Structures are given as structure tokens and as C-alpha cells.
Amino acid sequence: MKLLVINGPNLNMLGIREKNIYGAETYEDLKHLIEKTFAEKGIEGEIYQSNHEGDLVDRIQQAYFDGTNGIVINPAAYTHTSVAILDALKAVMLPAVEVHISDVKEREDFRQISYAGKACVKTIMGKGFQGYVEAIEYLVEHYK
Ligand code: CA2
């Protein structure tokens, strides 16, 4: 099984600011946790991060051609704005799980819409980095 974990804008800044919302751990820490999870599950995996909407769309499209079986995606701020990412997820028709580190439903009104979530089989939010682990476990269990 091959999974792709995609992170959107500013998530590379984790641990640097807004620690009260996203915690003190860094993006490197997150990558290590995800890689450890891939290894424990015995699956192939890749982690991709970009601050650019079109790059995220390109990477989702690439997943259709490179043998990816499932996607874990935290589109970050593009969650709430990007029909392009929603359309890309619909186009590739791969099972996708949406992850948010913070509990988005307890936050500002402008964060209450998720476009990407409309193309996802599951959403996990408010569980910190552990949400990525649960998303990988879900895809491994349901789509192996
Ligand atoms: O809770 C999440 O995972 C979010 O996807 C994070 C996004 C936010 O726009 C979504 O509404 C919820 C923001 C990621 C920005 O990360 C930062 C990291 C360090 C400092 C500032 C922002």
C-alpha cells in the first residue's frame, strides 16, 4: 500500500509561532511521526508540503498516476477557500482523509466551511499530530 500525506500553507512553520493553537512541536517532528507510522504499518509513504495552491493540485493529480492508494490531506487555509483542491481530489477519486491539528469547529466562522472535506471519506480534527496517525490507520484498515 502506498499513501501520500499532503500539507498546505504555513504548516512548515509549526512550532515556531501560534504554539497555543498548534502546539510546540515542529514540522520536522510531524514528519518523523508520520514516517514512523508508515514504518510501523509496513507501508510505503510520501510526505509533501507546499505553500502554493497550484502545487498542491499538481501533487494530488500526480497521485493518480504514481500508484498512490490513498491521501491524507491537511490543506490548511486552503481548506476554507479552494474549490481547485476539492476538484483535484474528486478528479483522482482516491480515498482521502482530511486532517486538522486544531479543532476547527471551535474556531472562527470563516473556518467553518471545508471544501476539501466534501471529497474526503473522513475528517479528523482537534487531535494534534495524532490526527495524522489516525488518518493513516483508517486508510490502512479500510482500503488495504
Ligand atoms: O488546524 C489545522 O490543521 C489547520 O488546517 C491549520 C491552518 C488553518 O488555516 C486551518 O483553519 C486549520 C493553518 C496552518 C498554519 O500553521 C501555522 C503554524 C505556525 C504558525 C502559524 C501558523
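Start by selecting strands β3 (70–74) and β4 (residues 96–100) in this predicted model. The two strands run parallel to each other and are paired over three bridges. To see one of these pairings, pick I71 and look across to β4, where its bridge partner is A96.

Now keep β4 and bring in strand β5 (residues 122–125). Here too the pairing is parallel, this time over four bridges. Select V99 and you will find its bridge partner, I124, in β5.

Stay with β4 for a moment. Are its residues buried or exposed? Five of the five are buried, so the strand is largely enclosed by the rest of the structure.

Select T68, which sits in the loop between α3 (53–65) and β3. Although T68 is in a loop, it is buried, with a relative accessible area of 6%; the cut-off for buried is under 20%. Which residues does T68 touch, leaving aside those up to four places away in sequence? Show K2, L4, A63 and L94 to see them. Finally, display the side chain of D66: a polar contact of 2.6 Å joins it to the side chain of T68.

Terms used
Residues numbered from 1 in each chain as written. Predicted model: local features only at pLDDT ≥ 70, side-chain atom pairs only at ≥ 80, totals over all residues. Heavy atoms only, no water. Buried < 20%, exposed > 50% of the residue type's maximum accessible area, 1.4 Å probe, protein only. Polar contact = N/O pair within 3.5 Å; in protein donor to acceptor, adjacent residues only side chain to side chain. Contact = heavy atoms within 4.5 Å. Pairing = 2+ DSSP bridges.
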